[in-house]
Amino acid sequence: LLIAGCGEEKPVKVGIESNFRPFTYTEDGENKGFEVELWKAIAQKANLPYELVPMTQGELSKAVKSGQVDMAIAGMTVNKARKDNFAFSDPYFQTGLVLLTASDNEEIKSKDDLKEKVIGTKSGSTSYIYAGGIQGTKEIRGYPDISDAYTDLKNKKLDAVIFDERNVHHFLQNDGEGKVKMVGEVLNKESYAIVTKKKNKHLGRINGAIEALGKDGTYEALYVKWFGS
Ligand code: ARG
C-alpha cells in the first residue's frame, strides 16, 4: 500500500522582498528583517515547513497569483482592490505613508504644498495610488526600486517622495546624509498582512500563530529589536 506524501507536509513557498528595509531584504546572501523573523516565528508556532523565495515587489503579486509562491510577507498593505483579488491574514503591523522632501526645501511643509510638484514613489504601491489622488501635482513618477526615488530626491530631480513610514525612517537614518527630511503628518493609515490566493488552506493556522505571538511576547520582542520601543 502506497500513501502519497505520508505524514510529510510539503513546504509552503513564501515570497519575500529583496529590498524593503527593515522588513524584508537580502544582504550578504542572507534573508533578513523584521518580517523574515516574524515569519519564522509564525511558521514555528503553526508548525508549517516552508521555503523563502526572495524577489522584487513587482514580481510578488504575480507570483502569488500564478501559484509560484503560496503566499508573501513583504510589507503588503491591505486595501479594497487587493482584497478583491487576494486573501489576507490578520494584520500584524500598523503604519502609514509619509512625505519626504529636501532638507533645504522651505516650500513643502505638507501634502497641501504639492501643486505643480514632481513626486516620486514606488510603482504599483499604495503610495503611488495615494499620490495620484493629490490634486494639481505635475507628475507622479513610479520607480520599480524605491532606492532610486530616494537618490533622485537627494539629487533634486524630485520635489518630494511619498512612501511607507518605516522604510522612509530607515532610509533617513542610514542613507539620508542629512539631505532630506520628513514633513507633515502621517498621510494614510495602513496595515500590513500576509497575502495569499483566495481560500488558502493555511490562513487559519497562520492567524492563530499571529495571535499567539502577540500574547506570548514574541511579537513585542521582535518589534523592539527592529524598531526600538
Ligand atoms: N505597503 C506598500 C504597498 O503595499 C508598499 C509595499 C512595499 N513592499 C515591498 N515589499 N517593497 O503597496
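The axes themselves are lines fitted to C-alpha atoms, for helices over the stretch in contact, and the angles run from 0 to 180 degrees between N-to-C directions. Helices (H or I, at least four residues) and strands (E, at least two) are DSSP runs, numbered from the N terminus.

The structure described here is a predicted model, in which local features need pLDDT of at least 70 and side-chain atom pairs count only at pLDDT 80 or more, while totals for chains, interfaces and linings use all residues. Residues are numbered from 1 along each chain as its sequence is written.

Two packed helices are described by the angle between their axes and the distance between the axes.

| Helix pair | Axes come within | Crossing angle |
|---|---|---|
| α1 (residues 34–46) and α8 (residues 218–227) | 10 Å | roughly 165° |
| α1 and α7 (residues 203–215) | 8 Å | roughly 110° |

With axes that cross at roughly 165°, α1 is roughly antiparallel to α8. Contact is counted if the C-beta atoms of two residues, placed from the backbone, lie within 7 Å; on the α1 side Phe34, Glu37, Leu38 and Ala41 take part, and they meet Thr218, Leu222 and Trp226 in α8. The residues of this contact divide into five nonpolar, one polar and one charged, where Ala, Val, Leu, Ile, Met, Phe, Trp, Tyr, Cys and Pro count as nonpolar, Asp, Glu, Lys and Arg as charged, and the others, Gly among them, as polar.

Toward α7 the arrangement is described by another angle class, and α1 and α7 are therefore roughly perpendicular to each other. Their crossing is right-handed. Ala41, Ile42, Lys45 and Ala46 in α1 meet a set of α7 residues that includes Arg205, Ile206 and Leu213, and the residues of the contact of α1 with α7 divide into eight nonpolar, one polar and two charged.

Strands pair if DSSP finds at least two bridges between them. An open sheet has the order β2-β3-β4, with antiparallel pairing, and β2 (19–20) and β4 (30–32) stand at its edges, each with a single partner strand, so one side of each is left without a neighbour in the sheet.

Two bridges link β2 and β3, with Asn19 as the bridge partner of Tyr25 in β3, and a hairpin of three connecting residues joins the two strands. Strand β3 (residues 24–27) is joined to β4 by three bridges; Tyr25 stands opposite Lys32 in β4, and Thr26 has Asn31 as its bridge partner there. The hairpin of β3 and β4 has two residues between the strands, and Asp28 in the turn has a positive phi of about 50°.

**Val161 in strand β11**

Val161 is found in strand β11 (residues 160–164). Val161 counts as buried because it has 27 C-beta neighbours inside 10 Å, given that a residue is buried if 20 or more other C-beta atoms, placed from the backbone, lie within 10 Å of its own, exposed if 12 or fewer, and partly exposed in between. Leaving aside residues up to four places away in sequence, Val161 touches Leu100, Ile119, Gly120, Thr121, Ala149, Tyr150 and Leu153.

Terms used:
Parallel < 35°, antiparallel > 145°, perpendicular 65-115°, else oblique. Left-handed = near helix turned anticlockwise from the far one by under 90°.
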